[in-house]
Structure formats: structure tokens, C-alpha cells
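Hi everyone, thanks for making time for this. Have a look at the sequence and the structure on the screen, and then I'll walk you through a few features.

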Amino acid sequence: MSRYHSPFHRAPILLWLLVGGVAFGACANREEVTFKSGGMTHTFSEGKEAVPRNFPVPIYPGATPTGSVSAQADKSSEQAQFLMLSSADSPEKISSYYKQELPRAGWKVDSFQTIGNLVSLAASRDHWEANVMVSSEGDRSTISLNVSRLDSGGSPPEDTGEVYTPDKLTPPTD
């Protein structure tokens, strides 16, 4: 595991999905919602214009953006961006593109895995981490791009090894 961690690791992914769904549902006439919380500015976007500005990972050619989430710390350069794309191409073709293009864009591919119809790549560059996940259902592939940057002046959050603490709402699964 890398020594850098995405700000997204601080909250369960289900919370991010819930917040994003509420934000989109509350503002159905808008394609972008921005708010401040926990010392960070969060932006949720949907539709074809959802690609965050200066997104540091190559965008798969011909893919259609479906939504994004960005979080920027107010007092540091810590940030995270998550982008969803859709494509008619196969996961194999898409993952081959990323295996070639990430190194060309200055990224070091740290891992590559295929599990069933899910392909996962992890890459790093300077103080950046990127994760590419490609899955398919029917004749469409979904491409999930997650990029995070830890403030180079700060130290990474302490890794406790625990993703969440079970409670009444989220009991243990095993």
C-alpha cells in the first residue's frame, strides 16, 4: 500500500454515494452542486460536462462522462477527484489503453488485476495516486477514475488498518 491516502478514505464510500445522490436529487435542474464541509470544498457534477478541470489522468477516447465528485482542502493542496465514464468498448480494450497511456502521461502503473468482469489498475506519480476500474454489464463498460493528491507539506493520515468501525447501523459482515 502506498504511503499516500485519498481524502475519500476518511469517509465510507457509501456516505459519498448517499451525499451525491441527495445533492443531485435536490438540484435536479442543475448539473453541478458545490458545498463546503469539514474544511473541504466538494463539487458534484453530472452529465457530459462532468470532467473536472485539469484532470490528471487520460480520458478514454470516445467515452461519455456520466458524473464526477471533487474534493479540495481549503488550507492545503490535498484533493481528490472521482470521474465516471461510459463506453461501448470492452474492458479489455479500455484497460489496454490505460496500461499504455498512463506511463506516457508520466504515471507508474503499480498494479493490474482482473477479477471476473472487473479490471483494476493502480498508478502513482509524485504525490498523486490514481485508480482505474473498468467493469461491464451488457454491451456497456463503466470506467471509474479516482485521483488523489496529498499535500506535499503534510504527513499522510495515520493508517489504522481499519476501514470502518462496526456499530448498530453498519454491523460486522463476517
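Let me start with a question: how many residues does the largest nonpolar core have, and which of them have the most contacts inside it? The core has 21 residues, and those with the most contacts inside it are Val57, Tyr98, Leu102, Trp107, Val132, Ile143 and Leu145. By nonpolar core I mean a set of buried Ala, Val, Leu, Ile, Met, Phe, Trp, Tyr and Cys residues joined through side-chain atoms within 4.5 Å. Buried is under 20% relative accessible area, exposed is over 50%, and partly exposed is in between, with a 1.4 Å probe and protein chains only.

A word on the source: this is a predicted model, where local features need pLDDT of at least 70 and side-chain atom pairs count only at pLDDT 80 or more, while totals for chains, interfaces and linings use all residues. Residues are numbered from 1 along each chain as its sequence is written, and side-chain values use heavy atoms, with hydrogens and water left out.

Now the overall layout. The chain has two helices and eight strands, in the order α-β-β-β-β-α-β-β-β-β from the N terminus. These are DSSP runs numbered from the N terminus: helices are H or I with at least four residues, strands E with at least two. Of the 174 residues, 37% count as buried.

Let's stay with Val57 for a moment. Leaving out residues up to four places away in sequence, Val57 touches Tyr98, Leu102, Trp107, Ala130, Leu145 and Val147; contact here means heavy atoms within 4.5 Å.

Next, please find Thr64, in strand S3 (residues 64-73). Is Thr64 buried, partly exposed or exposed? Thr64 counts as partly exposed because its relative accessibility is 29%. Beyond its neighbours within four places in sequence, Thr64 is in contact with Lys48, Met84, Leu85 and Ser86. Leu85 is 21 residues from Thr64 in sequence, yet their C-alpha atoms are 5.3 Å apart.

S3 also brings us to the second largest pocket, where S3 gives the most to the lining, with four residues. The lining residues divide into five nonpolar, eight polar and three charged.

Terms used. Ala, Val, Leu, Ile, Met, Phe, Trp, Tyr, Cys and Pro count as nonpolar, Asp, Glu, Lys and Arg as charged, and the others, Gly among them, as polar.
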